[in-house]
Amino acid sequence: MSTSNYDPRILKAPHPVPGAPDNWKRFFSFNTDAKVIGIQYIVSALFFLLVGGLLAMVIRGELITPPADLVDPTVYNGLNTMHGTVMLFLFLFPILNGFNNLLIPTMIGAPDMAFPKLNAAAFWLVPVFATILMASFFVPGGPASSGWWSYPPMSLQNPLGRFINGEMLWITAVALSGISSIFGAINFVTTIIRMRAPGMGFFRMPIYVWTAWAAQTIQLLALPVLTGGAIMLLFDLSFGTTFYRPEGGGDPVLYQHFFWFYSHPAVYVLVLPIFGIFSEIFPVYSRKPLFGYKVVALASFAITALSLIVWVHHMFYSGTPQWMRNLFMVTTMLIAVPTGIKVFAWIGTLWRGKLRLSTPMLFCLGGLFNFIFAGITGIMLATVPIDVHVGNTYFVVAHFHYVIFNTICFGVFAGIYHWFPKFTGRMYYEGLGKIHFVLTFIGATLNFLPLHWAGLLGMPRRVASYDPEFAIWNVIASIGAFILGVASIPFILNMISSWARGPKAPPNPWKAIGLEWLLPSPPPAENFEDDIPTVINGPYGYGLNKPLVEDEEYYIKRAQEA
Amino acid sequence: MTITNPEIPLNHTPGHIKHDGHNLTGFIIFLCSESIIFLAFFTGYAVLKLTSPEWLPQGVNGLELKMPLINTIVLVSSSFVAYIAERYLHKSNLWGFRIAWLLTMIMGSYFVYGQYIEWSELAFGLDSGVFGGTFYLLTGFHGLHVITGILLMGLMLVRSFLPGNYEKGEMGVTSVSLFWHFVDVIWIILFILIYIWQ
Ligand code: HEM
Ligand SMILES: [Cu+2]
């Protein structure tokens, strides 16, 4: 029986419910509730997905014919740079932080984040640096145009000689995004370490929490290096130093090391939570426990550790000495081991399961399929003799779009559909979801598969015009890109109409196992409030008939009655 | 409105998670991350110094050691004074704490003053090649941390006058003094890299 004076049978007055469509004004305020912040992140990130997508449409429109006819090559460089920057810093990082905000506290049973104000501050930095980045379209000389790498000496050119220029705004925005990410990382890691429900040891945490933890550790350990490198770039650009200027004794390759020391691990910051989403969703829709839970959990940190020592594979053709190339070729191949382990675990989970092919599962299966393909091209690129030929061609572009779009974005969509009922309290329309999946899969394949051939034939990336021999691959790719553009229509329709007037969602529509599914949909402001369940078994007990928490019946009833 | 639901039987002890008291954990994580920026700067410094074809700008023979050495001694000893202040607070001796804490702040300010004097007497500037650039970047970035530390200590000092403020623990003071030791250790590395390794 209860030992505190608080009687959990007294259900408190329903709090303002974070996900409900009523009272939308709080999404525009400095709200400190992790679930409000999560939705703020996700919605604003999806807005920037549209912005970045629009830029991509212009790029693909330009590339549908060999000559540079649609936009001026200078403008093309700017669009190309901004496309990459918007997608990474305004779409992917924010949307994953949105997932972290929604999922980490609910999955570990915490009432909120460890530092709610810091959390809100981290979110509100997003519109600030988004505005700075967007403003760079309107300054004389246009936005930054040296690619998302921003390598000197290209990035240090400032032909108009103005103090405020596109590149300067770009560096400022990226630095602010870094500060926001660090605030986020401190919060997520502290929350995971200190605020887990009673009984939830590390090896009872859902894999999503493990992967988020591993990813945020990368942010803490690697992101400051880019911040340092970017500060030096800003000084070179604006304050007359010569850290990266050879004419003043500086070293441009030093910047490449700073950049990739973070930006390689950064791709794992993005993909690790997607591994988490796969690991959550496959067991639910195949009704089987996750295969090899402990190994999958630990592999996340193996990936974190290895991701910090492979960055030079982006610099095989930057005058890198041979011993260094060999060394980093080996470390890069090693990272395929923990990654491969995870892939086997998911296939093992699916094996002989009762597969239910609803939208989240379709996106996960499509994402897994694409990821295996991307892993193979990754290993090819890690091989120095191959990379020196296809480096800086469309083969690299194809490889990383296979991971970033065809795997990571697929995982993001899967996650949105899977947890949509939980955090909005409404069901989405399955038919629209399936149309979205089919269009996305076809569009993505048409868009990114042909680029491998273009790259193998030697088509250089980042150029507005190209040799007519590559035309056929580019035409197919552009058609794919436009299909992707169309695919956003069923998605947007589905999200808006379901959130506004979709059928009310029960607490656990997918019969999933996890603390978040023991909460009402949408969960009240403080989640379990003062009655946090005691975890007595590991996650993913599908078909095992073991309750997840003490007195499970009570929590299920409580969620239903709320 | 409360809904009482006596039909649901209760067979468990309700769990509870503390909302606050995580500041020290968060702060330590922050310091780890912050130290990586310095690590990046130090690495950049070492790489540039070892590989640059023209390290010292023309007419510069190196750095004067005396003034920075005095500064180093003051900063390192201030860490011990901060520790003493913490001990006083631990024993609830508020005035002992305030005096030692103020002394730490004064020593920190002396360091900033010394740095200022040194800067104003140097023959090279931020734009004097990689040598000038790295020198001002490293000492300047560190100096910003010292100033931040002094301001934070001032805040803690003011808070000590609010009645009953430190009765439930002194998380803020612990964090700030941790920050101060951090700034101190960074300085020692910086001193070795810039002044001793010439
Ligand atoms: C099996 C694992 C993987 C291996 C062995 C691998 C290997 C490589 C190599 C060697 C390159 C450099 C190619 C070049 O520039 O010439 C590369 C580029 C890239 N990879 Fe991977 N990769 C793997 C997985 C991933 C994952 C999971 C992601 C994203 C989450 C990713 C994202 C990228 C990106 C963004 C680039 C290109 C960046 C740019 O040049 O703009 N890769 N990969
Ligand atoms: Cu990489």
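Over which ring does the charged end of Arg98(B) sit? The ring is that of Phe161(B), with the charged end 4.0 Å from its centre. A charge counts as sitting over a ring if NZ of Lys or CZ of Arg is within 6 Å of the ring centre and within 35 degrees of the ring normal. Arg462(A) lies likewise over the face of Trp149(A), at 4.2 Å from the ring centre.

This is a predicted model, in which local features need pLDDT of at least 70, side-chain atom pairs count only at pLDDT 80 or more, and totals for chains, interfaces and linings use all residues. Residues are numbered from 1 along each chain as its sequence is written, chains are lettered from A and ligands numbered from 1 in the order in which they are written, and side-chain values use heavy atoms, with hydrogens and water left out.

Turn to the metals. Three histidines hold donors for the copper ion (ligand 2): His264(A) through ND1, His313(A) through NE2 and His314(A) through NE2, lying 1.9 to 2.1 Å from it. Donors are N, O and S atoms within 2.8 Å of the metal (3.2 Å for Na, K and Ca); water is not among the atoms, so sites may look incomplete. Along the chain, the copper donors follow the spacing H-x48-H-H. His264(A) lies in helix 6 (residues 252-286) of chain A, and His314(A) in the loop between helix 7 (293-307) and helix 8 (322-350) of chain A, so the pair ties together parts 50 residues apart in sequence. Helices here are DSSP runs (H or I, at least four residues), numbered from the N terminus. His264(A) is buried at 6% relative accessibility; His314(A) is partly exposed at 22%. Buried means under 20% relative accessible area, exposed over 50%, and partly exposed in between (1.4 Å probe, protein chains only).

The iron atom of ligand 1 lies 4.6 Å from the copper ion (ligand 2). Its only protein donor is His399(A) (NE2), at 2.2 Å. His399(A) is placed in helix 11 of chain A.

The structure holds 70 of them over all chains. In one, Phe410(A) and Phe437(A) have ring centres 6.4 Å apart and planes at 80°, so the pair is edge-to-face. Rings of Phe, Tyr and Trp (its six-membered ring) pair if their centres lie within 6.5 Å; planes under 30 degrees apart count as stacked, over 60 as edge-to-face and the rest as tilted. Phe410(A) is in helix 11 (residues 394-424) of chain A and Phe437(A) in helix 12 (residues 430-456) of chain A, so the contact ties together parts 27 residues apart in sequence.

Salt bridges come next. Lys35(A) meets Asp33(A) at 3.7 Å, N to O. Lys35(A) is buried at 3% relative accessibility, and Asp33(A) is buried at 10%. Lys434(A) pairs with Glu430(A), their closest N and O atoms also being 3.7 Å apart. These two lie in helix 12 of chain A, 4 residues apart, about one turn of the helix. Lys434(A) is partly exposed at 33%, as is Glu430(A) at 26%.

How values were computed. A salt bridge is a side-chain nitrogen of Lys or Arg within 4 Å of a carboxyl oxygen of Asp or Glu.
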